[in-house]
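Below is a report on one protein chain, meant for a reader who has not seen the structure before.

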Amino acid sequence: MIEVWTWPTPNGIKVHIALEELGLPHVIKPVDIGAGEQFSPEFLAITPNHRIPAIVDPDGPGGPLRLFESGAILLYLSEKAAGRLVPADAAGRYACLQWLMFQMGGVGPMFGQYNHFAVYAPEKIEYAITRYSNEVRRLHGVLEKRLAEADYLAGPEYSIADIATFPWIRNPDRRGVDLADYPSVKRWHDRVAERPGVQRGLLILADKQRSGPMTDAQKENLFGATQFGRR
Ligand SMILES: N[C@@H](CCC(=O)N[C@@H](CS)C(=O)NCC(=O)O)C(=O)O
């Protein structure tokens, strides 16, 4: 059974949704990243990057497989499920990969930096907040253009590109975004949110979601010296 080392953050939630959509048997191994569990020797043996999500598949290709990076995990899970959630035709497949990479290289990192500077940084640096806020809006604009012409990111079919992007579009108020300004993104968001697999995925570890501000110990693990020690 696939072990899923994870926590209920956008990158973890992508994998939770994909597992539910694909109906792949799995066991959840919670990694409390605020408590520093990502630095445990057990987890570092799976991923040198000490970030969730990561998986271990004892029945991987040619032997047990350890895999990190949520985009690579989504592709792996799709292949494990006979290619479901990636369009079968070449043009659709490349569209899916393109939007998956757009999420991995653009939406995730830029939204993450916005969050860091707007919410967590001890000093409020105007330049950084403005830069990432502009990027958040620009990226919503790119998604708006795409979703005005296609039902889903890869085209007419729902795919892992939508699964990768959806958890970052939820809770737009956290990024100062009003989805009313991006009506096609809103329609797509609402359509994706209605899927039973998505709703089941959102329940995984939902009780572990932080409600309240981060403690100093959590900040130290995520942004302090603990984060940057060589391992
Ligand atoms: N590019 C990576 C990013 C993973 C990532 O940043 N994970 C965050 C949670 S969303 C994490 O584990 N943070 C723990 C830390 O910063 O120590 C992926 O998509 O898997």
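## Domains

The domain assignment divides the chain into domain 1 (2-84 + 205-228) and domain 2 (90-194); such bounds come from an automatic or database domain assignment. Residues are numbered from 1 along each chain as its sequence is written. The model is predicted: local features need pLDDT of at least 70, side-chain atom pairs count only at pLDDT 80 or more, and totals for chains, interfaces and linings use all residues.

Taken over C-alpha atoms, the centres of domain 1 and domain 2 are 21 Å apart. In domain 1, 15 residues are in contact with nine residues of domain 2, where contact means that two C-beta atoms, placed from the backbone, lie within 7 Å. On the side of domain 1 that touches domain 2, α1, α3 (70-80) and α9 (216-223) each supply at least two residues. Helices (H or I, at least four residues) and strands (E, at least two) are DSSP runs, numbered from the N terminus. The most comes from α1, with seven residues. By class, this side of domain 1 has eight nonpolar, four polar and three charged residues. Ala, Val, Leu, Ile, Met, Phe, Trp, Tyr, Cys and Pro count as nonpolar, Asp, Glu, Lys and Arg as charged, and the others, Gly among them, as polar.

## The largest nonpolar core

A nonpolar core is a set of buried Ala, Val, Leu, Ile, Met, Phe, Trp, Tyr and Cys residues joined through C-beta atoms within 7 Å. A residue is buried if 20 or more other C-beta atoms lie within 10 Å of its own, exposed if 12 or fewer, and partly exposed in between, with C-beta atoms placed from the backbone. The largest such core has 51 residues, of which Ala18, Leu74, Cys96, Ile160 and Ala161 touch the most other members. Elements that give this core two or more residues include β1 (2-6), β3 (54-57) and α6 (160-169). Its largest share, nine residues, comes from α4. Domain 1 and domain 2 each provide at least three residues.

Leaving out residues up to four places away in sequence, Ile160 touches Ala18, Leu74, Leu75, Ser78, Leu85, Val86, Cys96 and Leu100.

## Around the ligand

The ligand is surrounded by 15 residues, and the closest are Thr9, Asn11, Ile33, Arg51 and Ser70. A residue counts as near if its C-beta atom, placed from the backbone, lies within 6 Å. The shell divides into six nonpolar, seven polar and two charged residues.

## Helix α5

The 24 residues of α5 (residues 126-149) should span 34 Å at 1.5 Å a residue, and the end C-alpha atoms are 35 Å apart, which agrees. The expected span is 1.5 Å times one less than the number of residues. Buried in α5 are Tyr132, Val136, Leu139, His140, Leu143, Arg146 and Leu147. Their cover includes α4 and α7 (183-193).

## Backbone details

Most residues other than glycine have a negative phi, and most peptide bonds are trans. The peptide bond from Ile52 to Pro53 is cis, with omega near 0 degrees. Pro53 is in the loop between α2 (41-44) and β3.

Glu69, which is not a glycine, has a positive phi of about 80 degrees and sits in the loop between β4 (65-68) and α3. Leu205, not a glycine either, has a positive phi of about 60 degrees. The loop between α8 (196-203) and α9 holds Leu205. Glu69 is partly exposed because 16 other C-beta atoms lie within 10 Å; Leu205 is partly exposed, with 19.
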